[in-house]
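Me: I would like to learn how to read the packing of helices, sheets and domains from a model. Can we go through one case step by step?

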Amino acid sequence: MKKIKINSFAILAFVVTFIFTTFNANANQTRENVIKRGSVNCGVSQGVPGFSNADASGKWAGIDVDFCRAVAAAILGDANKVKFTPLSAKDRFEVLKAGDIDVLARNTTWTLSRDGGLALDFIGTNFYDGQGFMVRKAANINSAKKLNNVKVCVETGTTTELNLRDYFKANKLQYEPVAFTKSDEAVAAYDSGRCDVYTTDKSGLAANRTKTKNPADHIILPETISKEPLGPVVRGNDENWANITRWTLNVMIEAEELGVTKANVDSLKSTDNPAIKRLLGLEGETGKNLSLGNEWSYNIIKQVGNYGESYEANVGPKTPVGLARGLNQLWTKGGILYSPPVR
Amino acid sequence: MFLSSGFKTSLKKNLQLSNLIPQLLLIFIFIFIIYFFANNAQINMKARNMTSGFDFLGTNSGFDIQFSLVDYDGSSSYGRAYLVGLLNTLLVAFFGIFFATILGFIIGVSRLSTNWIINKLSLVYVELFRNLPLILQIFFWYFTVLRSLPSTEKSLIIFNFLIINLQGFYIPKFIFTNSHYIFYGIVFSLLTIILIKYYANKIFYEHAKVVPVFRISLFLIVLFPLVFSLIGGVTINIEYPKLIKNFGIFNYLGGIKLIPEFLALVFSLSLYTSAFIAENVRAGILAINKGQKEAAKSLGLNNSQSLNLIIIPQALRVIIPPTTNQYLNLTKNSSLAAAIGYPDLTGAFAGTALSQTGKAIEIIFIVMMTYLTISLLISLVLNWYNKKIALVER
């Protein structure tokens, strides 16, 4: 009997200590946590060339990667203080919600149900995209309207999967989805002949075509069947952190508009242009409003560059991905990229 | 007995009471821990503005699933998607268990063969399949074997019956009209067999004559459904898979289609598990004392009688408990389906539906409860069977 009593008491003590410990993820503390930790935890893809892809030496590159680096530059003053976590489309939101990453930059489509229903905040769009189809040249098909009785490889847990069904339903065409957790697996399955069609956002098609055995054997069909504004996401319970990430992206766009680049940012410090002065934190209180140092925007441009520089280096026409600016051109040059005033 | 009953009950009560207090305390603590976690989850969800509940099960899923035993499309509900996933899991588990058992028994018996080649080959089989990680075996079948099959337009066609290509295996579909008559026939033959079994036992005990019940049953189970089909006018239509060409894309339509993801899973699960079952079978047979066989012989039983009446019933007692574990493992291992895109409970529901709704806690709870229920049901059935064949002690 004595022994049992002691055991029960031990269990009780254990439970009591449990009650007074709460696991509640610290709301409104992401910035403090990042500073304390000394690095930004950033969720990226498992490898989409041009967006987030690790090379053989494990070095990450891409426009989503640049965004993460810009956040680190803004808050820690060093763009290299980022820890990248590759995530599948299926897991990405849960990992963000659980607090394992601070920001998710993983070509994620901004939708109402994700923004509202998942208690997340989309802080902007860093790539305007749309869903398309890739087929083998040998299939002799030149339009998505001609796809019928086809097997389509798709990544699961994506808006792509939902648009796919909408498109075939609306056009009264028959198809079979073959859904994979990783985009690499979906591409490999398509490449091996398991599917006749591979579908994802058009940027992803261009990027993943470079992964097929013979990229010249595949064509991307002209139709765009959906709107896919891709952007970074943060948890919905941290206003300050949402603002920091939102304005990091805006500063990169604004810098391109004002012609501030990695190369000329130092010389422009002595400019008389008030807009550039505000952008670089030489005038006004942009840093203070975000609880950051005044150098935050300068660090972004100096260490990472403006949006256009990042685009050209990662997905532009001169890269293997080879995407023209299109919608992702500045609003002043015929695109829809537009930053609210940095002031 | 009468006299001491009062003393006994009071002692019993005391014992029960002193046993009850720590047990009640333990239950209380257990409930409290559950409540604490549930409450903590609720608080955390509220802090993140997340809604909870199972209402989403009634809303449209919006995604299609490539392989389903029931009618399903994107306009069906998430609840329906759950059913599709559940049935796909059960289908893989059923075929996996079926083939693993047959293979396991054959290999297990072969392990004891006096033929050197058969003996060593089955040894290699067991050591190979049980020592390689299951996920690698799934990948081997899926990525290496099934991916190296010819493309659709160059399909392997075997006897105009089986069509094999990279996108799946196709067989003709038999479509019965008035199929309920076949069902009546099966029911009728089963009833007859039960009756025959009863009289066979009677004859055995009264006249010491053996009636070959098994052979008669086999004959009846074919005969009655056939006769009933003729009476009911059952016709069979065979629907062959047809090659369809749409521009440069070829596709087989019609017939029954087995997708590569399903095949890879059934192959790997049954081969992997059969290696373990083979060892159980070997252990079961080796556990039977040599004297049992000799005793059977001295009673005048022939070889098959001694195997059927003496050896196997005793060996089964040793084989079944560990084999139950293997069946449970197989069912749970089928959740590796998610790795190759087979839409089972884990892939389609805990995967796709979860990421489309974000209802992680609810969906994981449902899926865990479902696997638990399936596993408990399998244990229940096999425990019942084990009890039925257990040694009756007198």
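The dialogue below takes helix pairs, then sheets, then domains and the chain contact.

Me: What kind of model is this?
Reply: This is a predicted model.

Me: How are two packed helices described?
Reply: Two packed helices are described by the angle between their axes and the distance between the axes. In chain B, helix 8 (residues 290-298) and helix 9 (residues 303-333) pack at an angle of about 155°, with their axes 10 Å apart. Angles over 145 degrees count as roughly antiparallel, and helix 8 of chain B and helix 9 of chain B are therefore roughly antiparallel to each other. The crossing of these two helices is right-handed.

Me: Which residues of helix 8 of chain B and helix 9 of chain B meet?
Reply: From helix 8 of chain B come Gln292(B), Lys293(B), Ala296(B) and Lys297(B), and they meet Ser306(B), Ile310(B), Ile311(B) and Gln314(B) in helix 9 of chain B. By class, the contact of helix 8 of chain B with helix 9 of chain B has three nonpolar, three polar and two charged residues.

Me: At what angle do helix 9 of chain B and helix 11 of chain B cross?
Reply: Helix 9 of chain B and helix 11 (residues 360-389) of chain B cross at roughly 175°, and their axes come within 10 Å. Helix 9 of chain B and helix 11 of chain B are therefore roughly antiparallel to each other. Residues in this contact include Leu316(B), Ile320(B) and Tyr327(B) of helix 9 of chain B, and Ile374(B), Ile378(B) and Leu382(B) of helix 11 of chain B. By class, the contact of helix 9 of chain B with helix 11 of chain B has twelve nonpolar, five polar and two charged residues.

Me: Now the sheets. What is the strand order in the open sheet of five strands in chain A?
Reply: The order is 10-9-11-8-12 in chain A, and the pairing is mixed. Strand 10 and strand 12 (218-220) of chain A stand at the edges with a single partner strand each, so one side of each is left without a neighbour in the sheet. Neighbouring strands of this sheet are turned by 30° against each other on average, direction ignored.

Me: How do strand 8 and strand 12 of chain A pair?
Reply: Strand 8 (residues 131-136) of chain A pairs with strand 12 of chain A in the antiparallel sense, over three bridges. Met134(A) stands opposite Ile220(A) in strand 12 of chain A.

Me: Which strands does helix 7 of chain A lie across?
Reply: Helix 7 (residues 183-192) of chain A lies across strand 9, strand 10 and strand 11 (197-201) of chain A. The helix runs at about 160° to strand 9 of chain A.

Me: What is the order of the open sheet of four strands in chain B?
Reply: The order is 1-2-3-8 in chain B, with antiparallel pairing. Three bridges join strand 2 (residues 162-165) of chain B to strand 3 (residues 168-171) of chain B. The bridge partner of Ile164(B) is Phe169(B) in strand 3 of chain B.

Me: How is chain A divided into domains?
Reply: Chain A has domain 1 (30-128 + 229-333) and domain 2 (131-226). Taken over C-alpha atoms, 29 Å separate the centres of domain 1 of chain A and domain 2 of chain A. Their contact takes 19 residues from domain 1 of chain A and 15 residues from domain 2 of chain A.

Me: How many residues does each chain bring to the contact between chain A and chain B?
Reply: The contact takes 49 residues from chain A and 40 residues from chain B. Helix 1 of chain A gives the largest share of the side of chain A that touches chain B, seven residues.

Methods:
Residues are numbered from 1 along each chain as its sequence is written. Chains are lettered from A and ligands numbered from 1 in the order in which they are written. This is a predicted model: local features need pLDDT of at least 70, side-chain atom pairs count only at pLDDT 80 or more; totals for chains, interfaces and linings use all residues. Axes are lines fitted to C-alpha atoms, for helices over the stretch in contact, and angles run from 0 to 180 degrees between N-to-C directions. Angles under 35 degrees count as roughly parallel, over 145 as roughly antiparallel, 65 to 115 as roughly perpendicular and the rest as oblique. A crossing is left-handed if the near helix is turned anticlockwise from the far one by less than a right angle, and right-handed if clockwise. Two residues are in contact if their C-beta atoms, placed from the backbone, lie within 7 Å. Ala, Val, Leu, Ile, Met, Phe, Trp, Tyr, Cys and Pro count as nonpolar, Asp, Glu, Lys and Arg as charged, and the others, Gly among them, as polar. Domain bounds come from an automatic or database domain assignment. Two strands pair if DSSP finds at least two bridges between them.
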